[in-house]
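This report looks at how two protein chains meet and at a few details inside them. Keep the sequence and the model open while reading.

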Amino acid sequence: MALLQAKNLSWKPADAEEFIWKDVSFELSPGELVVLEGPSGSGKSTLLKAIVGLIEVSSGKRLWRGDKITADNIRRFRNEVVYVHQTPVAIAPRIADNLSFPREIAAEFVDGAQPMSEDEQERMLERLQLGALDRSRRFDELSVGERQRVAFVRCITVRPQVLLLDEPTASLDPDSAHSVEKCVLDYLDASSDRAAIWISHSKEQRERLGGRLLDLTRWNPGPSAGEYRP
Amino acid sequence: MSLVIATVDYIQLTPWDLALAAVLLLIPAAISIALRLGLEKNLAIASFRTVVQLAFLGLILEWVFGADRWFYVVPMLAVMLFFAARAAIQRSTKRFPGSYLTAFAALTLATSVTTFGVTELVIGVEQWYEPQYVIPLLGMLLGNGLTGISLSLDRMLSDLMAQRSAVEARLALGASLWRACRPWVREGLRNGMIPIINSMMIVGLVSLPGMMTGQILAGVPPADAVAYQILIMFMIAAATALAVIVLCLIAFKVVSHPEHRVRWDAITRHEG
């Protein structure tokens with residue numbers, strides 16, 4: 001059975017007349033990597049945010065393992081389907097708090113996945129060339145590449161089944177980009193029921209990643225749709 | 001505690017005395033005109049407004065005190081609450097649907113509990129609406145409470161908007177909306193409490209508080225004036241905290257969506 005199903009999702013900004021995307025329907029199966037593409041302004045980020053309910057869709061529904069997502073199960077859903085922001089942002093001042101926060105959240109779900117321990121986080125940071133990081137430092141003091149990698153570790157700490165990746169390597173130099181790519185692919189390969197949707201602007205990266213291509217432009221109704229910047 | 005003002009031992013001021021005092025203002029006005037500072041116009045308007053507004057208030061208070069009936073006192077309190085709530089929200093650059101009504105409710109709850117609690121249980125007034133106690137106490141609580149809630153509301157909603165990505169990143173991990181927003185709600189609450197905490201920290205070290213000064217000028221022994229000042233400081237702290245908490249929690253509730261996201265479009269910007 002499909003992990004995640006989108007059925008006729010449509011969205012337009014509150015003050016707009018034209019839909020940015022209309023009747024988006026797709027399925028994500030276990031083990032699958034879907035690369036989402038489309039010109040900037042086609043609403044790729046918005047679509048991922050709408051899937052996890054950070055933005056309200058105008059119409060349509062999302063199903064998680066066949067169940068409709070409601071106010072009661074949305075937190076658990078977000079804990080299993082984690083949206084990774086395009087720009088890595090501090091969710092707490094210090095690095096240590098950024099890494100402990102997801103563990104605290106995961107502990108709130110009684111029968112949820114066991115979150116990464118501090119040691120496991122440390123090993124993951126080492127693989128991303130952040131082994132020597134002083135965790136008492138402020139998250140904001142890191143370079144954007146370092147922030148993106150810490151933010152990625154922060155997200156996989158809750159061991160999500162699905163990752164919704166919003167251009168996670170856009171702000172990285174090629175070396176860091178490769179190590180993040182490898183980490184994501186390793187994470188997905190480690191368990192056969194994991195899956196991801198990955199927004200990528202780079203043709204080379206799309207070729208490296210492989211996976212199924214999903215072009216959002218087929219759901220962009222009008223030529224004016226390309227203007228909206230969230 | 002039952003304080004009785006022992007003797008009314010003060011020198012009454014005549015209108016002539018006040019006119020003489022107004023001469024004091026001519027000195028800065030003259031300097032302002034000579035140096036073209038442009039302060040004289042505002043100074044004149046402000047002085048004029050002070051005289052008119054306070055004279056009007058004096059008339060009303062004489063009337064309400066003279067009538068000594070609850071149905072004179074309660075409407076006066078309601079008017080004070082209305083203007084305080086309006087001023088509080090107008091000072092905030094960010095608002096939410098129902099912010100005026102919420103500010104009115106928060107101030108009414110916080111200041112009524114404190115004022116009537118103190119007049120009944122601590123001071124022990126004969127009638128619950130005793131205007132000599134109830135009106136000035138409520139006025140002092142409102143002045144501080146409205147500053148508190150406007151600072152809190154402005155800070156909380158501005159911070160939430162500025163930290164939208166952080167709030168969403170916390171939500172994206174499965175946090176509840178409350179958990180996701182808590183640092184900034186807390187920051188808002190703290191911000192509203194700063195003025196009263198600061199004045200409690202320095203009271204008596206830097207200046208004599210206005211109310212105490214007034215009582216001493218009116219002939220009250222300093223020890224009694226101090227007792228009243230301590231009482232009022234406690235009341236202000238309690239009422240401000242209560243008002244700020246009620247307002248922030250209701251504001252948070254209003255901008256919350258049941259599906260654990262912030263209703264960003266419910267937060268509106270205004271000129272402060």
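## The model

This is a predicted model, in which local features need pLDDT of at least 70 and side-chain atom pairs count only at pLDDT 80 or more, while totals for chains, interfaces and linings use all residues. Residues are numbered from 1 along each chain as its sequence is written, chains are lettered from A and ligands numbered from 1 in the order in which they are written, and side-chain values use heavy atoms, with hydrogens and water left out.

## Chain B

Chain B has nine helices and four strands. Helices (H or I, at least four residues) and strands (E, at least two) are DSSP runs, numbered from the N terminus. Their order along the sequence is α-α-α-β-α-α-α-α-α-α-β-β-β. The C-alpha trace of chain B spans about 70 × 55 × 40 Å along its principal axes.

## Where the chains meet

On the side of chain B, 17 residues are in contact with 26 residues of chain A; contact means heavy atoms within 4.5 Å. Leu173(B), Arg179(B) and Arg261(B) supply 32% of the area that chain B buries against chain A, more than any other three residues. Buried area is the accessible area (1.4 Å probe) that two parts lose on being put together, summed over both.

Four salt bridges are counted between chain B and chain A. A salt bridge is a side-chain nitrogen of Lys or Arg within 4 Å of a carboxyl oxygen of Asp or Glu. One salt bridge joins Glu108(A) to Arg179(B), with the closest N and O atoms 3.5 Å apart. Helix H6 (residues 164-172) of chain B gives the most to the side that touches chain A, with seven residues.

## Two helices in chain A

Helix H5 (residues 144-156) and helix H6 (residues 174-189) of chain A have axes that come within 11 Å and cross at roughly 10°. Axes are lines fitted to C-alpha atoms, for helices over the stretch in contact, and angles run from 0 to 180 degrees between N-to-C directions. H5(A) and H6(A) are therefore roughly parallel to each other, a term for angles under 35 degrees.

Arg149(A), Phe152(A) and Ile156(A) in H5(A) meet residues of H6(A), including Val180(A) and Tyr187(A).

## Salt bridges overall

Over all chains, the whole structure has 25 salt bridges. In one, the side chains of Glu120(A) and Arg159(A) meet at 2.8 Å, N to O. Glu120(A) lies in helix H4 (residues 118-127) of chain A and Arg159(A) in the loop between H5 and strand S7 (162-166) of chain A, so the pair ties together parts that are 39 residues apart in sequence.

Notes. Angles under 35 degrees count as roughly parallel, over 145 as roughly antiparallel, 65 to 115 as roughly perpendicular and the rest as oblique.
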